[in-house]
Amino acid sequence: MWRFDPDSFRASQVRPGVIVVAVALLAYPLIATNFFIFQIGAYSLLLGTVALSLMMLAGYGGMVSLAQLTVAGFGGYMMAIFGTNSVDVHGFGWPWWVLIPSVILASATLSALIGAISVRTEGIYTIMITLAIAVAFFYFTRQNYAAFNGFTGFAGVEPPQVFGVNWRAPVPFYYLALAIAAFFYFAVLYGSRTTYGLALQAVRDNSRRMNSLGYDVTAIRVFAYFLSGLIAGTAGIMLVWFNGRISPGSISVSVAIDILVIAVVGGLRHPIGPFIGALAFVLLENFAIDLIDRERFNTVIGLVFLFIIFFSPDGILGLWERIRPHLMRKPNVARSDGARK
Amino acid sequence: MNKTLNRADALSLLQSSGQYALELEAISRHFGALVALADINLSVKAGERHAVLGSNGAGKTTLFNAITGDFAPTTGRVRLFGEDVTDLPAYERIRRGLRRTYQISLLFENLSVLDNLYLACRGVSRNRFALRRPRRDDALMASAETLAAAVHLETVRDTPVGELSHGQQRQLEIGLALSGAPRLILFDEPAAGLSPGERAELVDILNSIPSHIAYILIEHDMDVALRVAERVTMMHNGRVFKQGTPDEIENDAQVQELYLGDHHG
């Protein structure tokens with residue numbers, strides 16, 4: 001039976017900075033316009049949550065998967081097919097309390113299946129095989145009209161009215177996205193110090209040794225994909241509600257690579273990294289056109305990606321960790337910041 | 001970890017049961033045209049301390065890999081405590097009491113010493129997938145702390161392994177191998193790269209391993225190997241060349257010529 005462990009809670013690294021950020025995030029809708037609440041705030045949280053599922057796999061498990069958006073997209077399609085949509089294709093109208101858990105579980109199962117296929121590879125080969133899966137799913141949805149309605153996809157996919165709240169309205173949607181992002185953020189943070197979390201990191205460090213300690217390395221890796229699928233699937237539901245529609249373009253390779261860029265730019269060493277990366281990405285996506293043509297956006301994000309990788313392989317988070325000691329250094333006082341390696 | 005005082009009696013009792021910790025039957029391993037192991041027959045009794053010696057390329061580490069299941073032998077059978085494990089994956093053999101260390105330390109460098117030992121203890125117990133944090137009063141965490149003391153690493157137990165010295169990493173390798181009630185441990189050159197002081201510490205640790213645990217030691221340092229082993233197997237070109245007690249091996253003319261050199265004396 002689970003019992004509260006104060007030692008473990010203290011180890012969760014709840015610092016004053018976390019509280020300040022939490023208050024700022026909660027108060028954000030009070031000062032922001034609907035555009036900033038919905039298009040910037042909520043969208044950053046959703047992309048950050050998808051990227052968090054990648055961070056969990058790559059940062060803790062050493063498995064860089066380009067199929068996380070595929071899992072999220074699968075969740076979105078399932079919502080459209082088994083829930084309601086406005087294109088008169090499928091839309092079985094399952095009640096939300098059956099539909100949502102089913103879709104999350106189905107997404108996690110798909111993710112575990114992708115894991116079962118790809119965990120026997122490592123490094124660049126994992127990237128290639130998950131990229132192949134992402135491309136295959138993209139073309140499958142585009143060409144399959146019987147199940148996925150082909151090129152058109154589905155529109156009119158909206159969140160249910162629960163507790164009398166219109167969850168598509170900017171403020172409720174923002175808080176829903178924030179609650180989900182915070183839940184998974186803390187779950188991943190807590191999970192990194194659980195027995196399974198330690199085992200996953202140990203597999204990343206040395207899978208052969210883990211095998212020789214009695215662990216089934218394949219099972220550990222596949223379970224990581226399953227857990228990351230819970231995150232990506234939930235984010236997929238939110239994304240389809242955010243856009244109100246889903247089509248093959250929503251899960252194209254370029255968007256899948258955006259997720260990788262977000263995770264890497266933010267930083268893969270800590271669960272906050274993907275959210276930082278997502279915010280940077282969304283801000284650039286929305287405001288870079290004030291400086292350059294819309295067509296040049298990929299050039300800008302590519303340059304930012306190169307800049308970050310060149311100066312800080314650990315992303316913006318790593319950059320901050322390098323700058324922070326200089327900002328916080330007190331004259332003539334030696335200090336150890338205790339940052340995790 | 002205290003050495004049992006009546007080791008001879010305990011060993012006698014164990015071995016009188018007739019149980020073998022390990023039995024290798026006609027093991028061979030080919031890598032294409034290269035024959036790394038050829039027709040190896042070897043038995044190690046429960047509680048026995050056995051050294052495997054041989055020059056580089058003799059097939060010692062390949063033999064360990066065949067025993068642990070890191071790769072399957074081309075032919076032959078491996079039996080652990082009477083059970084045929086030839087077709088079992090490595091982790092299943094570990095759960096039957098087999099442990100090993102590696103010639104080059106294979107550790108979890110970003111985790112602390114205690115986390116490494118805790119995972120080693122957890123690997124052969126239940127709840128390997130537990131989604132909760134180990135508590136300070138967890139029995140396995142207590143075992144990990146005991147192991148840290150046993151391999152003289154209690155002062156660095158919270159240090160990330162990547163920051164340990166080479167000698168400390170070798171000690172941790174042994175700690176991992178001692179975790180979770182092992183019955184047979186394979187030590188692959190545990191003294192490699194150690195200073196004379198660290199080697200003495202290593203011999204202490206090896207001698208303090210409880211009597212019921214058998215081990216096989218690959219070691220180039222004859223002083224270490226012959227001080228801890230009760231039986232010795234000499235390998236050459238992938239074959240068993242000679243077997244005997246440390247004295248017999250040390251005084252064997254062919255062994256001296258092949259391995260110890262003409263000047264040994």
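Author: A polar contact is a pair of N or O atoms within 3.5 Å; within protein, one must be able to donate a hydrogen and the other to accept it, and residues adjacent in sequence count only if both atoms are side-chain atoms. This is a predicted model: local features need pLDDT of at least 70, side-chain atom pairs count only at pLDDT 80 or more, and totals for chains, interfaces and linings use all residues. Residues are numbered from 1 along each chain as its sequence is written, chains are lettered from A and ligands numbered from 1 in the order written, and side-chain values use heavy atoms, without hydrogens and water.

Reader: OK, how many residue pairs are in polar contact between chain A and chain B?

Author: Let's start with plain contact (heavy atoms within 4.5 Å): 36 residues of chain A touch 35 residues of chain B. For polar contacts, both residues must be at pLDDT 80 or more, and the count between chain A and chain B is 18.

Reader: Which element gives the most to the side of chain A that touches chain B?

Author: Helices (H or I, at least four residues) and strands (E, at least two) are DSSP runs, numbered from the N terminus. With 18 residue pairs in polar contact between chain A and chain B, the elements giving two or more residues to chain A's side are helices H1 (6-10), H7 (170-191), H8 (195-205), H9 (207-211) and H10 (217-243) of chain A. The one that gives the most, with 8 residues, is H8(A).

Reader: Which residues in chain A lose the most area to chain B?

Author: Buried area is the accessible area (1.4 Å probe) that two parts lose on being put together, summed over both. Between chain A and chain B that comes to about 3,300 Å², with carbon and sulfur atoms giving 55%. Three residues together make up 21% of what chain A's side buries: A:Thr195, A:Arg209 and A:Leu213.

Reader: And which side chain meets A:Arg209 in a salt bridge?

Author: A salt bridge puts a side-chain nitrogen of Lys or Arg within 4 Å of a carboxyl oxygen of Asp or Glu. The whole structure has 23 of them over all chains, and 3 cross the interface of chain A and chain B. At 2.4 Å, N to O, the partner of A:Arg209 is B:Glu173.

Reader: Within chain B, how far apart do the C-alpha centres of domain 1 and domain 2 lie?

Author: An automatic or database assignment sets the bounds, and chain B is divided into domain 1 (1-97 + 183-265) and domain 2 (108-181). Contact joins 18 residues of domain 1 of chain B to 16 of domain 2 of chain B. Their C-alpha centres are separated by 25 Å.

Reader: What gives the largest share of the side of domain 1 of chain B that touches domain 2 of chain B?

Author: These two domains of chain B bury about 1,300 Å², 66% of it from carbon and sulfur atoms. Their interface has 0 salt bridges but 5 residue pairs in polar contact, both at pLDDT 80 or more. On domain 1's side, strand S7 (184-188) and helix H7 (196-207) of chain B each supply at least two residues. The largest share, 4 residues, belongs to H7(B).
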